[in-house]
Protein chains: 2
Amino acid sequence: MSDRVSFQEYMQQISEKVTASLEDSLPHHWQVPSSLKESMTYSLMAGGKRLRPLLVIAACEALGGNGEAALDAACAVEMVHTYSLIHDDLPAMDNDDYRRGKLTNHKVYGEATAILAGDALLTHAFYTIARISAKHGIDAAPILAIVQDLAEMAGPRGMVGGQAADMEGEQGVTDLEHLQYIHQHKTGDLIIFSLLAGGRIAGGSEPELEALRTFGSRLGLAFQIQDDILDLVGDEAKLGKKTQSDIKQEKVTYPYFIGLEASQQQVESLTREAKAAVLNAGFQDPERLLEIADYLMHRDH
Amino acid sequence: MSDRVSFQEYMQQISEKVTASLEDSLPHHWQVPSSLKESMTYSLMAGGKRLRPLLVIAACEALGGNGEAALDAACAVEMVHTYSLIHDDLPAMDNDDYRRGKLTNHKVYGEATAILAGDALLTHAFYTIARISAKHGIDAAPILAIVQDLAEMAGPRGMVGGQAADMEGEQGVTDLEHLQYIHQHKTGDLIIFSLLAGGRIAGGSEPELEALRTFGSRLGLAFQIQDDILDLVGDEAKLGKKTQSDIKQEKVTYPYFIGLEASQQQVESLTREAKAAVLNAGFQDPERLLEIADYLMHRDH
């Protein structure tokens, strides 16, 4: 396509669309206590890379689907991601006062409202997905499959399980297998979900969904190892946060177990595997997914 | 039916079935951190009347549907109810140490795990519903409608909104309208959801679902006013908790606004309206729903 925009522009456009759509998707016209509405909005609008929404839309477009129809699923996954950050930041969990340079939700609205805002965002994500069928004229069956995927990958054997394992880990346990469990579930599962959701909205076949699942599992792990590496050797100015926080918090990481060089090699080989899965699946337009994989491997923040 | 069991036996049978099915529905065979699994189980198995599951199954059977197929939805609503109790009991919320004579979840497992157990139960409820379609051979469309109902009635303009309004109320506000908002959403919405879910599984028509909605809204409010009355004049031994706790906690109640006698009259007239909605809808077998309405009005705990 001659009018194809650069990857940077593509990312930027999607990020802006998602932010506008998130604003619309909030229950502004509903009779909802103002403290709850404000705290939901505060964290949803606090920025971030909007990486998961990008994956939903890119996966949908790779299979020739309509990215507009994927926008609601993209917003839903960002709501789930945001709820998980609000709850993770709570005093009983990681006890963080700042995220991305802004006060965390409970520092602004208090703990009770922060807990409820997280609960509300998680629940509203399911609402946002359930409505896609009627809103965009898509069969109920693939949308119900997206609901089931999300409930599985964000639930006890998915993201919440990963967070629980991370909490248990702070009490002493830890070998590489445990770290892999945490990475896979706390971060990886929602990345896989994002790709599958986009694929399902595009009406993807089982082999296509399987390729997206493989792409997501490799990409998710590479993403998390890269995070560990950046925490160790990254540029604080670019990251917007202090490096070596993992060491100071005595959190074990990939470099801790297998060394920095082997970790970097892992990121490269996982990225290669991810790209191969997409290249071998015969997608109509795989380019953006490949660009995302390269972008994540080379990012410095 | 000559082999029809008494209402007490009917309730007891459903309660036992639900408890056994909840046990099965937990992710025992999944690789889930043990702290998370144990704390989910602890609260789910802590007893309770299983009122919401009873409503799901009774509504399904009233429309001639198969109560077995409704059992999963019944379990899901109990998971949502349980998650809401775990989060409500947290120190940042109502700060309760005991519920039904047992230590609250966070007193046993710590705050972090209690927050995650709530998150996991809410998410697992959606999983349990989403699976009904494939498991019981029911079309995806009505099951997706149940997902949307739950997300709406448990979300920011439903149960979570009611809880947020209750929290705001503790800081001083309060008139009868505010109290009604709290009752309607904190308690009423999940009661309406339960009836609708049973009706949808039975393949209920729009007018039938509408009748269930009316029944639920009257019943839910009557239930809550009756709670307020019992807190004021109930028998501590039967209730299993101290009476007049609302007064001591300076919580406003129906009797506070309109007096005890008018509150009792409200319960009676709401119950009459609830029963009329069901009687006029021409359900195949409305008897159990009518018995539930009478039971709730006359209960002493």
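**Figure 1. Helix H2 (residues 34-44) of chain A is largely enclosed by the rest of the structure, because 9 of its 11 residues are buried.** Buried here means under 20% relative accessible area, exposed means over 50%, and partly exposed covers what lies in between (1.4 Å probe, protein chains only). This is a predicted model, in which local features need pLDDT of at least 70 and side-chain atom pairs count only at pLDDT 80 or more, while totals for chains, interfaces and linings use all residues. Residues are numbered from 1 along each chain as its sequence is written, chains are lettered from A and ligands numbered from 1 in the order in which they are written, and side-chain values use heavy atoms, leaving out hydrogens and water. Helices (H or I, at least four residues) and strands (E, at least two) are DSSP runs, numbered from the N terminus. To find your way along H2(A), look for its buried residues: A:Ser35, A:Leu36, A:Lys37, A:Ser39, A:Met40, A:Thr41, A:Tyr42, A:Ser43 and A:Leu44. Within chain A, they pack against helix H1 (7-25), helix H4 (67-89), strand S2 (102-103), helix H5 (105-109) and helix H6 (111-130). Chain B joins in too, with its helix H9 (159-169). Contact means heavy atoms within 4.5 Å.

Figure 2. A salt bridge is a side-chain nitrogen of Lys or Arg within 4 Å of a carboxyl oxygen of Asp or Glu. Over all chains, the structure holds 30 salt bridges.

**Figure 3. The side chains of A:Asp88 and A:Lys186 meet in a salt bridge, at 3.9 Å from N to O.** A:Asp88 belongs to helix H4 of chain A and A:Lys186 to helix H10 (residues 176-201) of chain A, so this pair ties together parts that are 98 residues apart in sequence. Is A:Asp88 buried or exposed? With a relative accessible area of 10%, A:Asp88 is buried, whereas A:Lys186 counts as partly exposed at 22% relative accessibility.

**Figure 4. In chain B, B:Glu210 forms a salt bridge with B:Arg213.** The closest N and O atoms of B:Glu210 and B:Arg213 are 3.8 Å apart. Both lie in helix H11 (residues 206-233) of chain B, 3 residues apart, so about one helical turn separates them. B:Glu210 is partly exposed, with a relative accessible area of 40%, and B:Arg213 is partly exposed at 33% relative accessibility. Back in chain A, salt bridges that share partners join A:Asp88, A:Asp166 and A:Lys186 into one network.

**Figure 5. Helix H11 (residues 206-233) of chain A packs with helix H16 (residues 287-298) of chain A at an angle of about 15°.** Two packed helices are described by the angle between their axes and the distance between the axes. Axes are lines fitted to C-alpha atoms, for helices over the stretch in contact, with angles running from 0 to 180 degrees between N-to-C directions. The axes of H11(A) and H16(A) lie 10 Å apart. The angle makes H11(A) roughly parallel to H16(A); angles under 35 degrees count as roughly parallel, over 145 as roughly antiparallel, 65 to 115 as roughly perpendicular and the rest as oblique. On H11(A), the contact uses A:Leu212, A:Phe215, A:Leu219, A:Phe223 and A:Gln226. On H16(A), look for A:Leu289, A:Ile292, A:Ala293, A:Leu296 and A:Met297. By class, this contact has 9 nonpolar, 1 polar and no charged residues. Ala, Val, Leu, Ile, Met, Phe, Trp, Tyr, Cys and Pro count as nonpolar, Asp, Glu, Lys and Arg as charged, and the others, Gly among them, as polar.

**Figure 6. H11(A) and helix H15 (residues 260-279) of chain A cross at roughly 155°, their axes coming within 8 Å.** That angle makes H11(A) roughly antiparallel to H15(A). Contact residues of H11(A) include A:Phe215, A:Leu219, A:Ile225 and A:Ile229, and among those of H15(A) are A:Val267, A:Leu270, A:Ala274 and A:Val278. The residues of the contact divide into 15 nonpolar, 6 polar and 3 charged.
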